[in-house]
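Hi,

Here is the structure I promised to pass on. My notes follow below it; have a look whenever you get a moment.

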Amino acid sequence: MPRYEHIAGGPVAGTAIDRRPGGDWRRRYSLVWPPVLAAALILAAWELAVWWFKLPNFVLPTPRQILVVAMQEPRQLLQDTWATVTESLVGYVAGSLLGLGLALLFVTFARLERLALPAYVTINSVPMVAYGPLAIIWLGIGASSKIVLIVIAVSYSVLVNALAGLRSCDPGAIALLRSFGASERTILLKLRLPGAMPAIFSGLRVAVVHAMILAVVLEMLGARAGLGWSVYRSTQMMSFVEAWVAVGASVIVSLVIYSIVNWIGRKAVWW
Amino acid sequence: MATTPPATGAVPGAAPSTGWNAATLLVALGAVMLTWELAVRLLGVSPDKLPAPSAVLATIWTGRVALAGAVGTTLYEAVLGLLAGITFGTLSGIAFSRFRLLERMVLPYFVASQAVPIIAFGAIIIMWFGNGVASKAMIAFYLSFFPVAVNTLGGIRRVSEEEIGLLRTFGAGTLTLLWKLQLPTALPSIFTAIRLGAGLALVGAIVGEWFGSSRGLGVVLLTAMFDNQVEQLWAGILLTGLTGTALFALVVFLQKKIAWWHAEV
């Protein structure tokens with residue numbers, strides 16, 4: 001029983017709150033104000049707690065202090081953000097293409113799947129972060145060690161989801177197309193692939209999260225630049241506010257990238 | 001990789017069913033090991049680059065006492081955090097289901113937390129809770145907490161009005177309703193989150209150990225990296241995989257025992 005759960009669900013989309021457009025503005029408004037209120041309350045409580053208990057900023061800096069420090073060295077912050085974003089996006093795109101290509105190959109040549117999939121499953125049954133130190137030894141502390149691991153993780157998520165999607169095709173529809181004399185390739189491209197799109201996109205959505213997390217976590221092991229590296233460096237140098245800045249930046253960047261992938265997915269799989 | 005997120009199988013067709021079971025996986029594992037061993041021996045790969053599985057197993061056997069201690073420490077941290085995450089996650093899920101406003105205020109953040117590297121907060125947790133077991137358990141806790149809370153709510157929401165109405169006519173109170181109807185309905189999706197959380201908790205413990213610790217699998221991996229000991233590193237990787245698989249198998253076992261009526265594994 002390979003561990004597919006973390007691939008299966010897809011994190012955010014459609015869980016408890018479904019922010020699909022189409023409701024009237026009143027409904028949307030009623031979905032928007034509570035989280036905004038919560039954010040305001042939390043920020044206020046945060047500032048108040050720091051002020052009331054006189055917490056030093058190595059225990060808990062205020063949101064304002066974090067913003068101020070973030071603005072002090074925007075170049076450094078941008079550089080780190082850029083490093084993390086490029087690593088994860090390059091790995092993400094390459095891994096998605098690889099996963100999709102492998103899925104199509106496996107569906108076409110079943111024997112290949114029996115040969116290669118076990119290796120893939122075995123490699124991925126170990127949490128990917130455990131390979132981090134090995135990747136650093138083999139490939140150095142540059143971007144390539146992060147990208148390779150991201151490619152492996154992402155391609156696996158996409159492969160497993162795409163395989164499930166390609167397989168879940170209605171056999172009746174296949175028989176119908178075949179009776180019209182459609183070739184296997186036509187069936188794959190016209191029937192299976194469109195049918196698999198929702199599953200593929202749910203794989204892509206999970207994978208983008210994997211990519212960001214891996215980039216940040218692996219940078220903590222050693223890197224030349226990046227948000228994870230910035231977190232590590234700051235904690236080692238006891239500049240705690242900077243650690244908060246880097247953590248905050250990685251959260252914001254991930255949300256932006258995730259929303260973009262989610263948006264593309266919705267446009268592409270409109271049905 | 002188990003770092004990683006997500007919750008409910010809300011997307012239809014997303015759950016891949018390849019029909020693999022433990023036996024096929026073991027055979028696959030054996031085949032991979034054999035190929036690896038043969039490749040290393042026949043191609044004469046330097047052990048500094050890629051040691052043969054036999055060499056890795058020998059390394060594990062030589063250092064078995066220390067390695068067992070490392071596995072124990074990491075497992076302890078992860079399980080401690082996971083148990084806390086399950087408890088508080090389920091309780092928050094129940095709270096969300098009762099207080100609509102609370103759900104609307106907080107749940108969006110819970111859901112969003114699964115799309116971002118909240119594991120990076122681990123660095124701050126270590127600053128707060130120090131280098132001991134508590135800080136790693138804390139990281140494992142919050143990583144597993146969010147998916148459990150989200151899935152508990154999702155599961156409770158799956159109960160239909162008719163079912164509630166039926167029990168109400170029999171005079172069931174709120175607590176009976178929760179205990180006899182809502183929680184049992186939610187159990188399968190709670191377990192889905194726990195399976196996910198088990199992997200996250202392990203990763204959380206290991207990454208937490210990177211930030212500062214003297215014991216555990218994360219320390220084994222990190223020291224092996226600094227000392228350039230590839231065999232030791234592979235031993236750590238292998239043990240991490242085994243620990244994760246064992247933890248996962250335990251959760252699946254419990255699911256079959258506890259939620260036997262809905263054991264889709």
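**What turned up**

The largest nonpolar core in this predicted model has 139 residues, and those with the most contacts inside it are Ile150(A), Ala162(A), Val208(A), Leu214(A) and Val247(A). Helix α9 of chain A, residues 184-221, supplies the largest share of this core, with 19 residues. Taking Ile150(A) and leaving aside its neighbours within four places in sequence, you will find contacts with Glu87(A), Ser88(A), Gly91(A), Tyr92(A), Gly95(A), Ala211(A), Leu214(A) and Ala215(A).

Chain B has two helix pairs to look at. Helix α8(B), residues 174-211, packs against helix α9(B), residues 217-226, at an angle of about 50 degrees, and their axes are 7 Å apart. The two are therefore oblique to each other. On the α8(B) side, the contact is made by Ile206(B), Val207(B), Gly208(B), Glu209(B) and Trp210(B), and on the α9(B) side by Leu217(B), Gly218(B), Val219(B) and Leu222(B). The crossing of this pair is right-handed.

Helix α5(B), residues 122-129, also packs with α8(B), here at about 65 degrees with the axes 9 Å apart. This crossing is right-handed too. Gly122(B), Ala123(B) and Ile126(B) of α5(B) meet Gly204(B), Val207(B), Gly208(B) and Phe211(B) of α8(B).

Where pLDDT is low, the predicted coordinates should not be read in detail.

Best wishes

Technical notes: Residues are numbered from 1 along each chain as its sequence is written. Chains are lettered from A and ligands numbered from 1 in the order in which they are written. This is a predicted model: local features need pLDDT of at least 70, side-chain atom pairs count only at pLDDT 80 or more; totals for chains, interfaces and linings use all residues. A nonpolar core is a set of buried Ala, Val, Leu, Ile, Met, Phe, Trp, Tyr and Cys residues joined through C-beta atoms within 7 Å. A residue is buried if 20 or more other C-beta atoms lie within 10 Å of its own, exposed if 12 or fewer, and partly exposed in between; C-beta atoms are placed from the backbone. Helices (H or I, at least four residues) and strands (E, at least two) are DSSP runs, numbered from the N terminus. Two residues are in contact if their C-beta atoms, placed from the backbone, lie within 7 Å. Axes are lines fitted to C-alpha atoms, for helices over the stretch in contact, and angles run from 0 to 180 degrees between N-to-C directions. Angles under 35 degrees count as roughly parallel, over 145 as roughly antiparallel, 65 to 115 as roughly perpendicular and the rest as oblique. A crossing is left-handed if the near helix is turned anticlockwise from the far one by less than a right angle, and right-handed if clockwise.
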